[in-house]
Amino acid sequence: MTQINLTTLQTLLPEAKFLNSETLSAVNFTGLTSLTLAGPTDISFVASKTFVNEAKTSKASLLIVSSETADSLSDKALVVVPKVELATAKIIRLFFPEKQPSGKRSTNIAIDPSAKVGSNTDIGHFVTIGKDSVIGNDCIIEDGVKIGDRVHIGDGARIGKNCVFFDDTIVGKRFIVFGNSTFGGDGFGFVFAEGKHNKIPQVGRVVIGDDVEVGSNCTIDRGALTDTTIGNGCKFDNMVHVAHNCKVGDHVIIAGQSGLAGSVTLGNNVIIGGACAISDHLTLVDGTIIAGGSSLRTSPKTKDVYVGWDLGLTFPDFQKYRVNIKNIVNLNKWLKRIENIEKKVGMDVKES
């Protein structure tokens, strides 16, 4: 079991203020967990003021807090940091270090003689690497991964089991993908003629930037003529689909079960919630947010939070829309009641 001490934490978090922690200099911390589950050798965290009462009764020996909550917990040993979640993530990584490559290669692999594999890169069972492909240094290629011809994968990649990289796919440095995702397969392009759907050749590539993370069962299609591109720092959840010719900016977040139709352009720092559908050829400007469960059929004109079902409404407009629907339903009920009253009193009202 990994253990860390106060000195290690002080080195890890040089910007932090350690309060009431002098008595912990001899303590070996054994884990980081929630406030309710923490024991005397655990570290815990207070994400917001909502959890202050829980923190007061927690058995954790050390709490990670912001300056906003520190005063309310003045009798506790505290680590005061600018961003609680970021500090927590760094400490968790101390207890659970990332797997590091060792250069180990399975004997059950097929690597074309023209392919180049960097130093200290692990290659698991039943991996195939095609002609003229280049794999960077310090990568981990897990079992069952299929890499086509002329594929380039940058240094420090972590490729999960059974992923597929079709020909000519380009991937930047420190790429992370979990199992069963595919990159560079054909886009969905057909023309109906002579009584059938005729395939339009898909001859573009997929080009992915640095520090991108992709979940399981995701699909990023190659472009038809131009490349499908994914910017630096993007993070995609499980079951995300990016169709052909899409242009995704830097640091874009896409949550699970969401899809971009062909030729969508996303600016930088766009956030798309879960189960969203973005129609083809739309453009979302930098910083646009699409709430979960929404679909979009028109390009939003300004940066805002959009929500709804193909309505293209901002969040305040959608709230008004919901109120109006409720009013219309109530109005119909009132009209029915008025009609019944008119009948009871013998009024003969003719519609104009």
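Predicted model: local features only at pLDDT ≥ 70, side-chain atom pairs only at ≥ 80, totals over all residues.
Trainee: How many aromatic pairs does the count come to?

Mentor: The count comes to four aromatic pairs. One of them is formed by Phe165 and Phe175.

Trainee: What makes the pair of Phe165 and Phe175 edge-to-face?

Mentor: The centres are 6.4 Å apart, and rings pair if their centres lie within 6.5 Å. The planes stand at 75 degrees; over 60 counts as edge-to-face, so the name applies.

Trainee: Where in the chain do Phe165 and Phe175 lie?

Mentor: Phe165 is in strand E15 (residues 164–165), and Phe175 is in the loop between strand E16 (170–171) and strand E17 (176–177). They are ten residues apart, and the pair links distant parts of the chain.

Trainee: Why is Phe165 called buried?

Mentor: Its relative accessibility is 1%. Buried means under 20%, so Phe165 counts as buried.

Trainee: How do you know whether Phe175 is buried or exposed?

Mentor: By the same cut-off of under 20%, Phe175 is buried, because its relative accessible area is 0%. Phe175 also forms an edge-to-face pair with Phe183, at 5.6 Å centre to centre and 80 degrees between the planes. Phe183 is buried as well.

Trainee: What links Phe165, Phe175 and Phe183 into a cluster?

Mentor: Ring pairs do.

Trainee: Why is His244 called buried?

Mentor: The relative accessible area of His244 is 14%, and buried means under 20%, so His244 is buried. His244 is found in the loop between strand E26 (241–242) and strand E27 (247–248). Not counting residues up to four places away in sequence, His244 touches residues including Phe188, Gln202, Asp221 and Arg222.

Note on methods:
Residues numbered from 1 in each chain as written. Heavy atoms only, no water. Phe/Tyr/Trp six-rings, centres within 6.5 Å; stacked < 30°, edge-to-face > 60°. Helix = DSSP H or I, 4+ residues; strand = E, 2+ residues; numbered from the N terminus. Buried < 20%, exposed > 50% of the residue type's maximum accessible area, 1.4 Å probe, protein only. Contact = heavy atoms within 4.5 Å.
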